[in-house]
Each structure stands twice: as C-alpha cells, then as structure tokens.
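Hello,

Here is the structure I promised to pass on. Please take a look, then read my notes below.

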Amino acid sequence: MTTLAERLTLAIKHAKITKAELARRVGISAPSVNGWFSGKAKFLRGENLLAAAKGLGVSETWLATGKGQMLLGADPAEWISPVREIETPPGYARFDVFEGSAGMGAGMVNQDYPEVVKSIEVAEWEVRRKLGYLPQPGRIQLITGRGPSMRPKLEDGDIVWIDTSCDYFDGDDYYLINIGGQTQIKMLQRRGDGLYVVSVNTDFPAYRPDPGEVSILGKALIHAGLRKF
C-alpha cells in the first residue's frame, strides 16, 4: 500500500465496519473520516492515529507509514487476499461509495441508509469523456440520492458522482452538503443577501441557512451520468 487512503481502504475492509462506525470509534466527524479516504489527509498523527489504528485493529506504524505488517503478530499470508479484492484492472478507474445516502428533500443521516452499489469500475476513456480528466484514486466517490426535491434533474435512487476535493463554495453549482447532521444534494446559490440552498423542484422553496450552518462535503457532478437503483 503506497498511500494512506489505500491502507485505510484495506484496513476497513478487513475490520468489516463502515466509515461512520470508524468515525464513532475515533471520536471525530464522518466528513473528517471521509477526508482521510479521499486523499485530502496525507498523514494521521497523535490521538487520531492511535484511535484509528485501534478502531481498525491494525498496526499504528503500518497505518501511518505502510511499513511492517498490517496486523500485529500476523502472518502476511492472512491478509494478502483483501489486497486482491480492491485491485482495479488496468485501464479502469474505481469509484467507491461515500458513506450512506443523500436526501433530496429532507436530509438523511448517512449511516442509516445502506448502499445498493458499493463501488463501480469505469473505463478510463469514459471517465475522461464525462469529466474531462482522470481523477486521483479516492477523489470521486458515489452516493445515492433519495427524495423528490431535485426532480427532474435527479430522480430518487440516482447514483451521483461526488468530487470530494471540493469542500468549499466554488460558485453557483450542485453540492453534497451537510446541514444539522443531515446530508443533502442541493444547489448552492449566492444571492445579494447571502448563500441560499436551492431545490430544482419548485415545491421545495429556496432558503437561506444561518452562517456556518452548511458544511460542503463535495461537488455533485450530476452532468457525469446517472444510474438509478
């Protein structure tokens, strides 16, 4: 494993827990843990490193540096097979799930909604055609939209690609946001009196949240193509 995100992916598969559960064990927010898996955080240090290693049941040194064995006192043969499970064929890009679903109406608490699709592998030429570039592993993640508020742009059950490298307002666009602990796919629009949360479905009126109430988890690449489940 050459990157922290890859080591975390292997370790969480071995531990058979969700990212939400890892966040609970470490004692930090789910978006922070998603940042580790997206590659935003290159290093883990201090108490978070210790708690993450303990929560995943792996060696602290291996998690931080990739050196040594993943499991303390284990025969490496015991964990070779999980590595094979996450290998992506040459010429393909792998997109993993962003933990849980996103509400397109009322928000959703992500860990309460298991995903139908956990990952997809897409031909690199198709990724370049849709996005115009080939993203770094972990940057683009999947989430399932639930609810009617973004119709007809998004339908209930559509799978949306999320660019997790964008955790800030980057102009009027569609975003994956968190408000009051609930995750939603909405348009964010800057108006004269502040930032508004906007739905495509006019049955859901736009509103202006309190300053600092909205956390941006990524940009929703709804132009990249959807699959409904």
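A residue counts as buried under 20% relative accessible area, as exposed over 50%, and as partly exposed in between (1.4 Å probe, protein chains only). Helices (H or I, at least four residues) and strands (E, at least two) are DSSP runs, numbered from the N terminus.

The model is predicted, so to speak of local features pLDDT must be at least 70, and side-chain atom pairs count only at pLDDT 80 or more, while totals for chains, interfaces and linings use all residues. Residues are numbered from 1 along each chain as its sequence is written, and side-chain values use heavy atoms, with hydrogens and water left out.

The whole chain

The chain has seven helices and nine strands. It holds 229 residues, and 48% of them count as buried.

Helix H7

H7 spans residues 124-131. Its buried residues are Glu 126, Val 127 and Leu 131. They lie on the same side of H7, because they cover an arc of only 115° around the axis (taken from the directions from the helix axis to the C-beta atoms). Trp 125 and Arg 129 are exposed, on the face turned away from that buried side. Gly 132 follows H7, with a positive phi near 85°.

Strand E3

E3 covers residues 140-146. Seven of its seven residues are buried, so the rest of the structure largely encloses E3. Ile 140, Leu 142, Thr 144 and Arg 146 point one way; Gln 141, Ile 143 and Gly 145 point the other.

E3 runs antiparallel to E4 (residues 158-163), with five bridges joining them. Strands pair if DSSP finds at least two bridges between them. Ile 140 has Asp 163 as its bridge partner in E4.

Best wishes
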